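Thanks for coming. I will go through one structure today, starting with its cavities and then turning to a few local features.

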Amino acid sequence: MKKFVTAALAAVFMLPVVAQAADKFTVAGIVFQEDQFMKTTLLGMKSVAEKEGVNLLTSNTSNQISKEVEVVNTYAARGVDAIAITYLDPAAASIPAVKAANDKGIKIVSFNNKLAADFPVSTVMSDNTLLGAGSGKEAAAYIKAHYGDKKEIKVAIINYKAQLPPESNARQDGFWNEIKDIPGVTLVAEASSPVAEEAIKKAADIITAHPDIDLMYGCNAGGLIGAVLAVKNSGKKIPVFGIDLDKQIVGFLKSDDNILQASTAQDPFKIGALAMENAIKSLKGEAVDKEIIVPGLTLSRANPEAVAEYAKTVK
Amino acid sequence: MTTSDTTGKGKGSFAPLAATRRPFFKLSDFVLEAILLAIILLLAFTAPGFATWDNWMNILRNAAMTGIIAFGMTFVLILGEIDISVGSGLAFFGCLLAVVTDSMTTAGWSAEISIVIGVVLCFGIAILAGMFTGWVRHVLAVPTFITTLAWMAAFRGGAYLLTGSFPVTPYPDWFFFFGSGAIFGIPFQAFVFLLVFIITWFISRYTVFGKSAYAVGGNAESARLSGINVLGIRMAVMSMIGVFTVLSAIMVSSQIQAGNPTVGVTWEFTVITACVIGGVSLMGGKGRVWGTFVGVLFLSIMLNGMTLLNIDEYWQYVARALLILGAVLIYQVQAMNARRG
């Protein structure tokens with residue numbers, strides 16, 4: 001009986017080793033929240049993993065750094081071959097756990113944000129300043145076309161700096177830098193809310209405080225949707241620009257209300273797919289780019305064909 | 001939890017139901033209202049657009065969605081219980097309604113029938129969940145904090161599972177009336193908010209059910225010995241907050257024109273904050289629906305005023321913290337004075 005138990009235990013503990021020996025890479029994909037962006041990055045990873053015959057494990061760290069450490073340690077103990085991860089605190093707290101995993105020979109690929117360390121084999125991300133600039137250029141063109149004679153052009157911004165300050169600030173700066181030098185452009189109000197149900201309240205308050213506002217900008221989907229709906233409720237004709245694209249936002253761009261003018265989106269599917277591709281390449285010993293910036297896509301209601309084309313791909 | 005006090009201000013042990021009616025007007029009960037009035041006057045002179053009809057309608061619209069749930073939470077807290085699942089419930093019921101509508105309209109049903117069935121389903125689940133929470137609290141002595149903690153995770157997970165993390169947008173234009181429509185220039189949500197306030201205020205002051213909730217919150221065993229159906233009260237109150245959460249979820253979904261699994265994060269704290277500012281005790285047995293009404297307006301007016309004044313978001317957090325602390329200190333001083341006679 002004792003021999004049987006020993007053999008059974010040995011078999012159980014040998015299972016992972018046997019499985020790994022089967023020449024199939026195992027890659028862990030780690031995101032920090034369950035939203036559309038993160039979900040789509042995982043879909044990008046999944047598509048490459050299926051194509052390449054890689055075993056993909058996924059986790060969500062639920063915006064908790066302690067859980068991030070726990071998940072990374074668990075995957076390291078399990079002996080995965082690579083980890084593709086977006087960090088909660090890339091500047092400091094996220095480093096030790098992935099460093100320990102890297103020291104065990106696990107390849108680390110960063111996506112969405114960049115770790116303040118040199119050991120990840122690759123980083124795949126968008127540039128939030130460029131995303132903001134994409135919509136900023138559209139706003140600048142709109143201001144020149146519609147407010148050419150105006151002495152003062154009042155702008156309001158809904159950001160989400162209370163949730164993710166560096167990301168939100170980069171998007172805001174990228175937008176603002178494109179329009180700030182146009183004569184008369186003035187930032188009259190700024191509020192923060194990452195979610196639509198709160199952003200709509202703040203945008204409505206801003207419209208009340210500045211009934212003559214000329215333009216609004218939402219730094220993420222929540223701020224953008226909140227701004228568009230607040231403008232719609234007010235009955236005013238205030239143009240809105242923003243960041244992010246989903247089914248609802250594409251609907252705003254196609255709507256006859258003429259409120260949302262343009263929005264720039266990251267390409268989360270491509271970010272996830274490239275992160276997985278680079279993980280596999282590094283495992284195969286192939287060269288990978290140390291840093292890849294995935295460009296954003298700007299859609300404007302001035303280009304309805306592009307909006308219609310994008311609408312076919314958005315869930 | 002040894003007191004039962006419908007005034008939310010007094011002291012003493014569980015008293016007979018007939019003796020719990022409070023004096024109609026007592027000046028010291030209205031300190032918070034006086035502070036709120038002072039803030040309103042200050043904002044009227046300093047915040048651009050504050051003293052306008054449109055802005056007051058904004059304030060009512062903004063207060064409505066959390067306020068409706070806060071009235072339910074008032075009863076839960078009076079009972080000596082808590083419900084921390086309301087934010088997740090808001091997301092779950094909004095997503096459930098959207099997914100049911102989406103699935104049924106795709107299958108060829110009319111939007112009207114689909115939405116009605118979705119709404120009935122949401123109310124049904126909310127009521128059953130509340131009854132279950134009240135039942136396990138009473139029969140198995142499981143604290144409502146624990147049960148609603150489980151509901152919180154289940155509802156949020158359910159919302160993500162239902163939608164696959166993507167916003168669902170199946171609604172016809174008429175549905176948006178519930179979130180952004182107005183009657184005689186007054187937002188629809190404001191009517192629901194005021195209606196729910198009047199109903200819950202009446203229940204708390206003039207019905208056996210309301211008095212029983214105070215009695216159970218003050219001392220459940222004494223309440224049971226005096227013939228109150230404690231199990232029934234607990235199940236009914238926990239179901240009532242579920243019903244109000246569904247009402248709010250319908251209006252939020254209508255307002256943002258989608259079922260979105262990320263809505264309602266930390267709403268439970270906003271709702272509890274409004275109750276606490278309004279003088280509802282987390283220890284049970286004390287609190288007034290009117291106090292919660294003022295607390296909800298207080299929060300909404302403060303946030304509105306700070307946005308109008310373009311005050312940085314980080315300072316808004318600090319202001320909210322000071323508000324909670326200030327309100328609690330006022331009630332504590334009042335309670336100490338009352339004890340001294």
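This is a predicted model: local features need pLDDT of at least 70, side-chain atom pairs count only at pLDDT 80 or more; totals for chains, interfaces and linings use all residues.

H3 and H10 of chain B each give at least two residues to its lining. By class, that lining has 8 nonpolar residues, 4 polar and no charged ones.

How many cavities of 30 Å³ or more does the structure hold? There are 2.

Now to chain A. Strand E1, residues 26–31, and strand E2, residues 55–60, run parallel and are joined by 6 bridges. One example is Val27(A), whose bridge partner in E2(A) is Leu56(A). What do E1(A), helix H2 of chain A and E2(A) make together? They form a right-handed β-α-β unit, with H2 covering residues 36–52.

Further along chain A is helix H7, residues 196–209. Its 14 residues span 20 Å from the first C-alpha to the last, close to the 20 Å expected at 1.5 Å a residue. Is H7(A) mostly covered or mostly open? Mostly covered, with 13 of the 14 residues buried.

Last, two backbone angles. Most residues other than glycine have a negative phi. Asn112(A) is not a glycine, yet its phi is positive, at about 75°. This residue sits in the loop between strand E4 (107–111) and strand E5 (122–125) of chain A. Asn112(A) counts as buried because its relative accessibility is 9%, and the cut-off for buried is under 20%.

Chain B has a case too: Asn310(B), with a positive phi near 60°. Its place is the loop between helix H12 (289–308) and helix H13 (313–340) of chain B. Is Asn310(B) buried or partly exposed? Its relative accessibility is 32%, so Asn310(B) counts as partly exposed.

Key: Residues are numbered from 1 along each chain as its sequence is written. Chains are lettered from A and ligands numbered from 1 in the order in which they are written. Side-chain values use heavy atoms; hydrogens and water are left out. Helices (H or I, at least four residues) and strands (E, at least two) are DSSP runs, numbered from the N terminus. The expected span of a helix is 1.5 Å times one less than its number of residues. Buried means under 20% relative accessible area, exposed over 50%, partly exposed in between (1.4 Å probe, protein chains only). Two strands pair if DSSP finds at least two bridges between them. A crossover is right-handed if, with the strands pointing away from the viewer, the path from the first strand over the helix to the second runs clockwise. On a 1 Å grid over the protein atoms alone, a cavity is a set of points where a 1.4 Å probe fits but cannot get out, and a pocket is an open set with protein on both sides within 12 Å along at least five of seven lines; lining residues have an atom within 4 Å of a point. Grid points are joined across faces, edges and corners, and a volume is the space filled by probe spheres set on the points. Ala, Val, Leu, Ile, Met, Phe, Trp, Tyr, Cys and Pro count as nonpolar, Asp, Glu, Lys and Arg as charged, and the others, Gly among them, as polar.
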